[in-house]
Amino acid sequence: MNPTAEPQQQMVYELEQAEMLGLMAAVQTSLIVGIDNAQLVPNGQKAQQEMALQGLQQLRDKGWLTPSTDEDGLELLDANLGMMMPALAYPEMMLLVTRDAPGQPQQQFRYYRANPVQLALEMPAPNQYRLVGILDAVAMLNAARSHLPVTEEPTTAVDSFSLPLDAFMAAKDLAEQGNVTDAAAQFEAAGCSATGATTLAQAINQPTVGGTMAFLQFEDQQIVNGRNLVMVRNETAAWMVQPREDNPELLAVQTATPESYSAVLLANARAVS
């Protein structure tokens, strides 16, 4: 698999808060993983029941909840929603992307997988939810990486080095404070090339975009495994930072090319699958 093509999406559902509660009632779950459920679920059992009933009726009005053809009094949930909602409540894997860009509010993007279902959960406005079906795992990684894109052809040498977390944080603090020269010197001392060290310090000091990707593995709504990747870039190059597999006390820092970025994303996704 090589996540380089454009994300492919197959189904989109726009939902209000009441409809989300109605869907949760329909699939018998009280929790959506990865969001602030206190904002979704009203306080008090009576208020919850009333909103869920309202949502169920709205789902009927949209044709997403229909009477069964059997004489059993049951209702049938739209087939796609019937697969998406359990993936939100009981995912096998979740990918949480956090994006930071100068002058813009922080954004978060959520992706879920419960084989064979992949989807994105978007919240375009307060009390508004959008479920986007995604065809496969590669398309899900493509969609996630679109929020933290790398430069197609970095104009600096490709570097890869490791250093302890406290050493990285010390250099990062220097760069954020504008002391690019001393920050670059610390990166160079850890094994980065002189040019790369300066580029990395400059990217931390004045990023065009940065953020994190949290790859999370779940069992029964509990996180059992995870990988965290930090990405920062400017107009010159992009960099990836994450704990080393063989020694979590060290951070692996490397230039993010389209190829290396794809490889790291795939490795992280497989690690939590």
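Let's start where helices α6 and α8 touch: K172, A175 and E176 in α6 meet A201, I204 and N205 in α8. Sorted by class, this contact brings together three nonpolar, one polar and two charged residues. Two packed helices are described by the angle between their axes and the distance between the axes. Here α6 and α8 pack at an angle of about 65°, and their axes lie 8 Å apart. The handedness of this α6–α8 crossing is right-handed.

From this contact we can move on to the largest pocket, where K172 turns up again as one of the residues nearest the centre, along with G211, V230, M231 and V232. In total, 22 residues line this pocket, and its volume is about 410 Å³. Two or more lining residues come from each of α6 (165-176), α8 (194-205), β9 (209-219), β10 (222-233) and β11 (238-243). Of these contributors, α6 gives the most, with five residues.

How far can you trust what you see? Keep in mind that this is a predicted model. The chain has a mean pLDDT of 91, with 94% of its residues at 70 or more. Among the chain's elements, helix α7 (residues 180-189) has the highest confidence, at 98, while strand β1 (residues 9-16) has the lowest, at a mean of 85. Over residues 1-9, the pLDDT is below 50. That stretch still has 25 contacts in the model beyond near neighbours in sequence. Where pLDDT is low, the predicted coordinates should not be read in detail.

Key:
Residues are numbered from 1 along each chain as its sequence is written. This is a predicted model: local features need pLDDT of at least 70, side-chain atom pairs count only at pLDDT 80 or more; totals for chains, interfaces and linings use all residues. Side-chain values use heavy atoms; hydrogens and water are left out. On a 1 Å grid over the protein atoms alone, a cavity is a set of points where a 1.4 Å probe fits but cannot get out, and a pocket is an open set with protein on both sides within 12 Å along at least five of seven lines; lining residues have an atom within 4 Å of a point. Grid points are joined across faces, edges and corners, and a volume is the space filled by probe spheres set on the points. Helices (H or I, at least four residues) and strands (E, at least two) are DSSP runs, numbered from the N terminus. pLDDT is the predictor's confidence in each residue, from 0 to 100. Contact means heavy atoms within 4.5 Å. Axes are lines fitted to C-alpha atoms, for helices over the stretch in contact, and angles run from 0 to 180 degrees between N-to-C directions. A crossing is left-handed if the near helix is turned anticlockwise from the far one by less than a right angle, and right-handed if clockwise. Ala, Val, Leu, Ile, Met, Phe, Trp, Tyr, Cys and Pro count as nonpolar, Asp, Glu, Lys and Arg as charged, and the others, Gly among them, as polar.
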